[in-house]
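Subject: Structure for you, with notes

Hello,

Here is the structure we talked about. Please open it and keep it beside you while you read. My notes follow.

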Amino acid sequence: MKAYLDNSATTRPTEGVIEAMAHCMREGWHNPSSIYGPAVEAFRQVRACREAVLEKLGAPGERLIFTSGGTEANNLAILGAVGRMRGKQLVAVNATEHPSVLAAFDRLREMGHEVRILPVDSEGALDWVALEKAVEDGASLVSCMQVNNETGAVLDLKRLRRTVNGRALIHVDGVQGFLRLPFRLEDVDMYTLSAHKIHGPKGVGALAVKKGLRLLPQHIGGGQEEALRSGTENTPGIAGLFEAVKEMDASGLMEKKLHMVEAFQKAVPEALVNGPAPEKGAPHILNMSFPGVRGETMLHALEAEGVYASTGSACSSKKRKVSPVLMAMGLPVERAECALRFSLSPYTTVEEIDYAAEVLGRVWPQLRRFQRR
């Protein structure tokens, strides 16, 4: 049996998504910037997807810029917003952000801007006092993720909006939250999403932007996407995103997650949950440490049995040994080294979860015998 529990890294495209993309490549392949009939129809399909996404964000009539994915959308939001500001800026970012956000702030620091890192507590919750201080000190941009991709910690968006209170631009990376948690664009200024996290294709994402907000383009050329992202639109990818948005139904995810916690802790009673209490976190992400066994060792043992999980962010897992997210939360190194992330999708079955629990119960005692003393 196989158990794919790494849906925060990527999700399997549905048959509907694959068919929508194939149809676009067979019949709707014309350039949406051209002005003859078939090209106009391609343009209409791109517009229909844009409208559907904005509707899901509770923001009909606002702006949506298609990109190559969440990373590019984050870069456009952060570098683009500060690029339109005059002089040296103070900007603030959550310490546990995705690498595509933190690297963008590193770039701002290299450009001479002051970057304030906002700490988190042991459950991954934002330090609101530090945020208030950053805004009082004149921060012009604040970036915080809706759902932490490693621990499932959920940002209180209403409190974020109240704390900032219009004094700075707010960017939220919603890649792990889009269509899995409630969200309305009215709470922020910019919001990032990615298709391949909701059973759409890789290579397409978007940045939702409130009207009137000026960004400096990071791609220049033909002037597509309001001249904010030049380059011919990825129409097959957008067709896949459109279908994924129509199909996505996250109901029942929390019940599966709580079942997973119970099953895993029954299989390995010593297992520890990292981050918020399971019922308070996102409905699809669970981070657990299995004492005495390094995460990478456990990961390969699970893989040998057909169970697929992760040691953390798929974008950085090959570059580091211990999760910077868990370290920022203050976890002991020994515990962080033993952490794994399990993430669900609407298509994950209880049978997959139970099989993973059975495997954990078998391999953990075997591996722990070989722990360093």
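Helix α8 passes helix α12 in a right-handed crossing. A crossing is right-handed if the near helix is turned clockwise from the far one by less than a right angle, and left-handed if anticlockwise. The contact draws on K256, H259, M260, A263, F264 and A267 of α8. From α12 come V350, I353, D354, A356, A357, L360 and G361. Contact here means heavy atoms within 4.5 Å. These residues divide into 9 nonpolar, 2 polar and 2 charged. Nonpolar covers Ala, Val, Leu, Ile, Met, Phe, Trp, Tyr, Cys and Pro; charged covers Asp, Glu, Lys and Arg; the others, Gly among them, are polar.

This is a predicted model, where local features need pLDDT of at least 70, side-chain atom pairs count only at pLDDT 80 or more, and totals for chains, interfaces and linings use all residues. Residues are numbered from 1 along each chain as its sequence is written, and side-chain values use heavy atoms, with hydrogens and water left out.

Back to the two helices. α8 spans residues 253-267 and α12 spans residues 350-368. Their axes are 8 Å apart, at an angle of about 20°. The two are therefore roughly parallel to each other. Angles under 35 degrees count as roughly parallel, over 145 as roughly antiparallel, 65 to 115 as roughly perpendicular and the rest as oblique. Axes are lines fitted to C-alpha atoms, for helices over the stretch in contact, and angles run from 0 to 180 degrees between N-to-C directions. Helices (H or I, at least four residues) and strands (E, at least two) are DSSP runs, numbered from the N terminus.

α5 (residues 128-136) and α6 (residues 157-164) have axes that come within 9 Å and cross at roughly 35°. This crossing of α5 and α6 is right-handed. W128, L131, E132 and V135 of α5 meet R159, L160, T163 and V164 of α6. That contact has 5 nonpolar, 1 polar and 2 charged residues.

Next, the aromatic rings. Rings of Phe, Tyr and Trp (its six-membered ring) pair if their centres lie within 6.5 Å; planes under 30 degrees apart count as stacked, over 60 as edge-to-face and the rest as tilted. By this rule there are 3 aromatic pairs. In one, the ring centres of F183 and Y191 are 3.8 Å apart and the planes are at 20°, so the pair is stacked. F183 is buried at 10% relative accessible area, and Y191 is buried at 1%. Buried means under 20% relative accessible area, exposed over 50%, partly exposed in between (1.4 Å probe, protein chains only).

How are the rings of F264 and F342 arranged? Their centres are 4.9 Å apart and their planes are at 70°, so the pair is edge-to-face. The pair links distant parts of the chain: F264 sits in α8, F342 in strand β12 (residues 339-343), 78 residues apart. F264 is buried at 0%, as is F342 at 0%. F264, F290 and F342 form one aromatic cluster.

Last, the loop between β8 (205-209) and α7 (235-247), where I220 lies. I220 is exposed, at 76% relative accessibility. Most residues other than glycine have a negative phi. E226 has a positive phi, near 60°, and is in this loop. A227 also has a positive phi, near 65°, and is in the loop too. A227 is partly exposed, at 37%.

Best wishes
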